[in-house]
Amino acid sequence: MRGGAHNLLRGNAVCDDGLVVDFSRMKAIRVDAANRTARAEPGVKWIDFDREVQAFGLAMTSGTFSDTGISGLTLGGAIGWLGGMFGLVSDNVISFDVITADGELRRANEDENPELFWALRGGGGNFGVVTSFEYRLYPVGMLLAGLAIHPFERAREALRFYRDFSSNMPDELTTGFGFLTTPEGMPAVGIVVCYNGSLEEGEKVIRPVREFGPSIADHIQPMPYNAVQTMFDPLAPTGRNYYVKAPFLREIKDGAIEAMVTRFAEVPSPFTVIFIQQKSGAMARGEPDRTAFGHRADQYSAVVLSGWDDPNQSEANIAWTRQLGAEIEAFGSGGEYIDELGPADSEDRIRASFGVNYERLVELKNKYGPNNLLRHTQNLGRRT
Ligand SMILES: Cc1cc2nc3c(=O)[nH]c(=O)nc-3n(C[C@H](O)[C@H](O)[C@H](O)COP(=O)(O)OP(=O)(O)OC[C@H]3O[C@@H](n4cnc5c(N)ncnc54)[C@H](O)[C@@H]3O)c2cc1C
């Protein structure tokens with residue numbers, strides 16, 4: 001199933017010797033501004049969705065790159081910039097229209113097919129072909145958002161500061177921390193904030209970030225949601241080679257900081273970033289079986305996103321990513337974000353990434369998907 005085709009690591013959007021269901025021309029979006037809802041088809045990307053709903057002063061949390069499709073992102077759970085207040089994207093789905101693998105068209109919501117509704121909110125593309133997503137929307141005005149960049153020499157200090165700062169914050173604020181190479185070729189680190197509330201109050205809340213200076217550049221400023229959503233697009237353009245590891249962390253331990261700083265000092269490509277994405281506030285609340293997204297208590301996702309141009313450099317970049325991913329994971333909670341799982345990941349790894357919900361999801365997959373028809377995904381398989 002080809003949604004936005006952004007799931008770069010597994011390449012799950014296409015397959016050889018199989019059937020590709022390509023949604024790229026199914027891009028209708030209907031906004032009900034009075035009821036603050038939107039219904040969208042599976043070929044919609046976040047850049048399309050955000051544009052349409054922002055025209056009504058409304059928004060929904062999404063991901064961090066505007067080129068991502070709503071389909072794969074929503075079905076995996078979805079961690080985004082407004083998540084502290086509104087939760088995961090999947091927490092904001094009102095209903096799905098889905099053709100399950102047994103060939104039936106079903107509606108899944110709190111009242112109709114509630115078990116399927118539970119499974120589709122974090123269970124990936126295992127259960128059927130989703131033909132329509134209905135979302136809840138929120139009024140969202142100007143945000144106080146952006147990035148403060150510091151020299152790599154302060155990486156350890158900055159990450160420890162970020163750990164303390166991000167561990168206690170209001171729901172209005174969602175944050176991240178990045179390692180990157182500047183266009184001038186300088187390794188650097190950055191603290192990212194997105195405050196959804198009054199700009200005056202936001203300034204007070206983020207003051208420690210501004211005061212952790214002197215920064216090389218402070219790009220934190222009022223901006224509309226569409227600007228936040230496209231802010232990082234240049235970091236991952238289409239057409240490059242990519243590899244990713246994304247272990248979940250309950251907290252940022254000293255050992256993980258050491259691993260990131262040490263390895264980034266020898267990063268093989270200037271296009272590679274490490275992005276610690278915070279999953280705070282409403283995203284973290286509730287029991288892990290609230291929906292199929294099982295990692296509520298893990299505060300951070302440490303995304304090691306390697307990018308390089310020369311295919312001859314693939315081996316070195318993949319090896320570096322795997323090495324650092326494993327080193328960070330030693331301080332993690334034992335699972336990875338299912339949307340970042342790789343093709344070589346074993347059943348054990350898939351099991352760990354679905355966490356406590358694995359068994360229930362396998363049962364539901366067997367119920368709705370005879371013969372494991374939809375297996376080109378984070379496969380929940382068919383138990384014999
Ligand atoms: C650079 C980068 C940044 C990212 N940032 C974030 C982030 O900030 N937050 C976050 O949560 N995730 C993030 N992700 C992960 C992202 O959630 C996944 O890549 C997601 O799967 C992309 O969705 P898509 O529709 O574009 O993918 P596709 O590749 O089109 O689809 C992915 C899989 O989803 C399933 N699928 C797609 N459409 C349907 C459908 N209509 N019905 C049923 N199943 C379907 C299929 O199994 C398919 O194989 C990021 C990924 C990258 C590469």
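These questions and answers cover a predicted model, its ligand site, its aromatic pairs and some of its backbone features.

Local features need pLDDT of at least 70 and side-chain atom pairs count only at pLDDT 80 or more, while totals for chains, interfaces and linings use all residues. Residues are numbered from 1 along each chain as its sequence is written, and side-chain values use heavy atoms, with hydrogens and water left out.

Reader: What distance separates an oxygen atom of the ligand from a side-chain N or O atom of tyrosine 337?
Author: A polar contact is a pair of N or O atoms within 3.5 Å; within protein, one must be able to donate a hydrogen and the other to accept it, and residues adjacent in sequence count only if both atoms are side-chain atoms. Serine 71 places a polar side-chain atom 3.4 Å from a ligand nitrogen. Leucine 73 has a backbone N or O atom 3.3 Å from a ligand oxygen. For the side chain of tyrosine 337 and a ligand oxygen, the distance is 2.6 Å.

Reader: How much of the area that the ligand exposes alone does the protein bury?
Author: Accessible areas come from the Shrake-Rupley method with a 1.4 Å probe; for residues, only the protein chains shown count as cover. Taken alone, the ligand exposes 960 Å². The share buried by the protein is 97%.

Reader: Is valine 53 buried or exposed?
Author: Valine 53 sits in helix 1 (residues 46-54). Beyond its neighbours within four places in sequence, valine 53 is in contact (heavy atoms within 4.5 Å) with Val31, Ala38, Leu58, Ala59 and Leu137. Buried means under 20% relative accessible area, exposed over 50%, partly exposed in between (1.4 Å probe, protein chains only). Valine 53 has 0% relative accessibility, so it counts as buried.

Reader: Which strands are among what covers the buried residues of helix 1?
Author: The buried residues of helix 1 are Trp46, Asp48, Phe49, Asp50, Val53 and Gln54. Their cover includes helix 2 and helix 7 (225-230). The strands in that cover include strand 1 (29-32), strand 2 (37-40), strand 3 (58-59) and strand 6.

Reader: Why is the pair of phenylalanine 161 and phenylalanine 165 classed as it is?
Author: Rings of Phe, Tyr and Trp (its six-membered ring) pair if their centres lie within 6.5 Å; planes under 30 degrees apart count as stacked, over 60 as edge-to-face and the rest as tilted. By this rule there are 21 aromatic pairs. Phenylalanine 161 and phenylalanine 165 have ring centres 5.8 Å apart and planes at 10 degrees, so the pair is stacked.

Reader: How many residues apart are phenylalanine 293 and tyrosine 337?
Author: These two form an edge-to-face pair, 6.3 Å centre to centre with 75 degrees between the planes. Phenylalanine 293 is in the loop between strand 15 (273-278) and strand 16 (300-308). Tyrosine 337 is in the loop between helix 9 (314-329) and helix 10 (347-354). The pair links distant parts of the chain, and the separation is 44 residues.

Reader: What is omega for the cis peptide bond at proline 214?
Author: Proline 214 lies in the loop between helix 6 (199-211) and strand 11 (217-218). The cis bond joins glycine 213 to proline 214, with omega about -5 degrees.

Key: Helix = DSSP H or I, 4+ residues; strand = E, 2+ residues; numbered from the N terminus.
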